[in-house]
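Please read them beside the sequence and the structure.

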Amino acid sequence: MKTQKNDAEWTLLIKAAKSRLHHRVISPFVEAGNVAAAIMTDQGNIYTGVCIDTSCSLGMCAERSAVANMITCGESRITRLVCIKGNDIVGSPCGSCRELLMQLDRNSGDIEILTDQNNLSSVKLKQLVPDWWAEGLFETVENWNWLDRDDDD
Ligand SMILES: [Zn+2]
């Protein structure tokens, strides 16, 4: 559904991602910032991250960098995600990031991912992860009672 609130949130996320999007050389082995991501949580907070490219496969995507930032700050429920690549192009999460996002929360399939910054169109994460391998397992795992989460639902 397209509403002014939705548009305002997308605009905030796009602006947040673009504010982090600039290539920088950290060292002879590490570069960062060619891709930037911004996520909005169910609390309305925005977390950003940039891709970190290394010479030893220890880097991470912008989306995972933003997720790490969010988790560090104590949140884990994402409602929206924007990824901006160089040349101002909207990106889509890679397979690894899609999987991590799906595992974060039982409602992660409903995360809206921007697909076009001109008309602010989006897709839901579950559209990008059809037939997810762990579909329905959240309930089973939560019944094990080893997940001690604050859950007001
Ligand atoms: Zn990724």
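1. Helices (H or I, at least four residues) and strands (E, at least two) are DSSP runs, numbered from the N terminus. On that basis the protein has five helices and seven strands, and their order along the sequence is α-β-β-β-α-β-β-α-β-β-α-α. The radius of gyration of the protein is 16 Å, close to the 15 Å given by the globule rule for 153 residues, so the protein is as compact as a globular protein of that length. The radius is taken over C-alpha atoms, and the rule is 2.2 Å times the number of residues to the power 0.38.

2. This is a predicted model: local features need pLDDT of at least 70, side-chain atom pairs count only at pLDDT 80 or more, and totals for chains, interfaces and linings use all residues. Residues are numbered from 1 along each chain as its sequence is written.

3. The C-alpha atoms fill a box of roughly 45 × 40 × 30 Å along the principal axes. Two residues are in contact if their C-beta atoms, placed from the backbone, lie within 7 Å. Among contacts between residues at least 6 apart in sequence, 49% join residues at least 24 apart.

4. A residue is buried if 20 or more other C-beta atoms lie within 10 Å of its own, exposed if 12 or fewer, and partly exposed in between, with C-beta atoms placed from the backbone. Of the 153 residues, 28% count as buried.

5. A nonpolar core is a set of buried Ala, Val, Leu, Ile, Met, Phe, Trp, Tyr and Cys residues joined through C-beta atoms within 7 Å. The largest such core has 33 residues, of which Ala-17, Ala-37, Ile-39, Ala-62 and Val-82 touch the most other members. At least two residues of this core come from each of α1 (4-20), β2 (30-41), β3 (46-54), α2 (62-72), β4 (78-85), α3 (95-104) and β6 (112-116). The most is given by β2, with seven residues.

6. Ala-38 lies in strand β2 and counts as buried because it has 27 C-beta neighbours inside 10 Å. Beyond its neighbours within four places in sequence, Ala-38 contacts Leu-13, Ala-16, Ala-17, Ile-46, Thr-48, Ala-66 and Val-82. With the same exclusion, the contacts of Ala-37 include Ala-17, Ala-62, Ala-66 and Val-82.

7. In α2, the buried residues are Ala-62, Glu-63, Arg-64, Ser-65, Ala-66, Val-67 and Met-70. The buried residues of α2 pack against β2, β3, β4 and α3. After α2 comes Gly-74, with a positive phi near 95°.
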